[in-house]
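Please walk through the structure shown here with attention to its charged side chains and to one pairing of helices.

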Amino acid sequence: MSTEESPRAVVAALLANLGIALTKVLAFVLTSSASMLAESIHSFADSGNQVLLLLGNKRSKRAPTSQHPFGFSRERYIYAFIVSIVLFSVGGIFALYEAYHKFQEVREGHPNELLTSRWWWVPIVVLVAAIGMESLSLRTAVQESNKWRGDVGWVSFVRRAKSPELPVVLLEDVAALLGLVLALFGVGLTLLTDSGYWDVAGTAAIGLLLVAVAVALGIEMKSLLLGESAHLEDQQSIAAAIVGVEDGLQIINLQTLQLGPGSILVACKIAVLPTDTAAELADAINAAEVRIREAVPDATYVFIEPDIRRSES
């Protein structure tokens with residue numbers, strides 16, 4: 001599974017969320033629906049998140065420096081982690097606060113503006129249209145993901161991906177679709193039952209959904225930031241490249257570190273014979289490095305340390 005993908009899914013999600021956010025704001029202004037306000041903030045937060053992902057992708061391509069000799073590819077993980085914080089705070093926590101605020105108003109007997117507005121039908125139209133636009137955005141994300149995930153299931157794809165953009169967009173789009181359904185549920189039942197509590201329930205459900213998705217994203221990005229090993233398939237390919245030739249090198253210990261999307265550090269200790277000359281050893285290591293990079297192009301940094309082969313007892 002490649003770690004580099006087109007930003008097409010991110011751009012599609014950005015354009016869809018901006019359009020959806022503006023229509024939701026219009027619906028909220030006309031009806032004062034709490035669910036529509038929560039969804040408006042959700043869409044604006046998602047739009048900001050897509051901008052962060054694009055910015056992180058661009059900044060990660062800077063050339064290595066003396067202070068950062070392994071480059072800046074991990075910066076994509078940092079921006080994706082910020083996305084999870086934005087989704088949690090701006091999206092989830094705000095929606096829960098708005099649900100509590102609206103609940104207090106309904107309990108105190110204040111009339112629900114949605115029920116008294118002559119624009120009561122606007123949220124329904126906006127939500128149905130938003131579901132259509134969000135479905136197109138999700139379709140693009142699925143199509144882009146299918147290019148790389150192979151036979152891996154969707155949950156495994158999100159958890160195994162070393163590149164954050166597609167998993168983030170996938171989770172955001174799924175959460176957005178579910179949020180729209182919840183908002184439609186809250187607004188629809190409010191209109192059918194003349195009870196503002198359904199609007200409150202829809203808003204609270206949206207908040208809980210966003211918090212759950214944000215926590216899941218945060219956990220995955222934290223793991224990548226701490227440093228994960230390369231995919232098992234890549235580790236096996238690297239090991240095979242080292243020992244897979246006649247009189248191949250013997251591996252004592254092999255460690256890999258995913259420095260960022262498309263960048264793997266390989267550290268290997270090999271066993272050599274006491275009679276091997278320095279020239280023979282240098283040639284063997286250089287050949288092994290070539291084989292490793294041919295087998296796994298993402299292996300950008302390869303360090304091989306020789307050690308004397310111990311005789312077997």
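A salt bridge is taken here as a side-chain nitrogen of Lys or Arg within 4 Å of a carboxyl oxygen of Asp or Glu. The model is a predicted one, and a search of the whole structure finds nine salt bridges in it. Side chains of opposite charge can pair when their charged atoms come close.

One of these pairs is formed by Arg59 and Glu75, whose side chains meet at 2.7 Å, N to O. The pair links distant parts of the chain, since Arg59 belongs to helix α2 (residues 34-59) and Glu75 to helix α3 (residues 75-107), 16 residues apart. Arg59 is partly exposed, with a relative accessible area of 31%, whereas Glu75, at 11% relative accessibility, counts as buried because the cut-off for that class is under 20%.

Another salt bridge joins the side chains of Arg159 and Glu220, with a distance of 3.8 Å from N to O. Arg159 lies in helix α6 (residues 154-160) and Glu220 in helix α8 (residues 197-226), so this pair ties together parts that are 61 residues apart in sequence.

Elsewhere, salt bridges that share partners join Arg59, Arg62 and Glu75 into one network.

The discussion now turns to how two helices are placed against each other. The axes of α2 and α8 come within 8 Å and cross at roughly 20°; angles under 35 degrees count as roughly parallel, and α2 and α8 are therefore roughly parallel to each other. On the α2 side, Ala34, Ser35, Ala38, Glu39 and His42 take part in the contact, and they meet Asp199, Gly202, Thr203, Ile206 and Leu210 of α8. Sorted by class, this contact of α2 with α8 has four nonpolar, four polar and two charged residues.

Note on methods
Residues are numbered from 1 along each chain as its sequence is written. This is a predicted model: local features need pLDDT of at least 70, side-chain atom pairs count only at pLDDT 80 or more; totals for chains, interfaces and linings use all residues. Side-chain values use heavy atoms; hydrogens and water are left out. Helices (H or I, at least four residues) and strands (E, at least two) are DSSP runs, numbered from the N terminus. Buried means under 20% relative accessible area, exposed over 50%, partly exposed in between (1.4 Å probe, protein chains only). Axes are lines fitted to C-alpha atoms, for helices over the stretch in contact, and angles run from 0 to 180 degrees between N-to-C directions. Angles under 35 degrees count as roughly parallel, over 145 as roughly antiparallel, 65 to 115 as roughly perpendicular and the rest as oblique. Contact means heavy atoms within 4.5 Å. Ala, Val, Leu, Ile, Met, Phe, Trp, Tyr, Cys and Pro count as nonpolar, Asp, Glu, Lys and Arg as charged, and the others, Gly among them, as polar.
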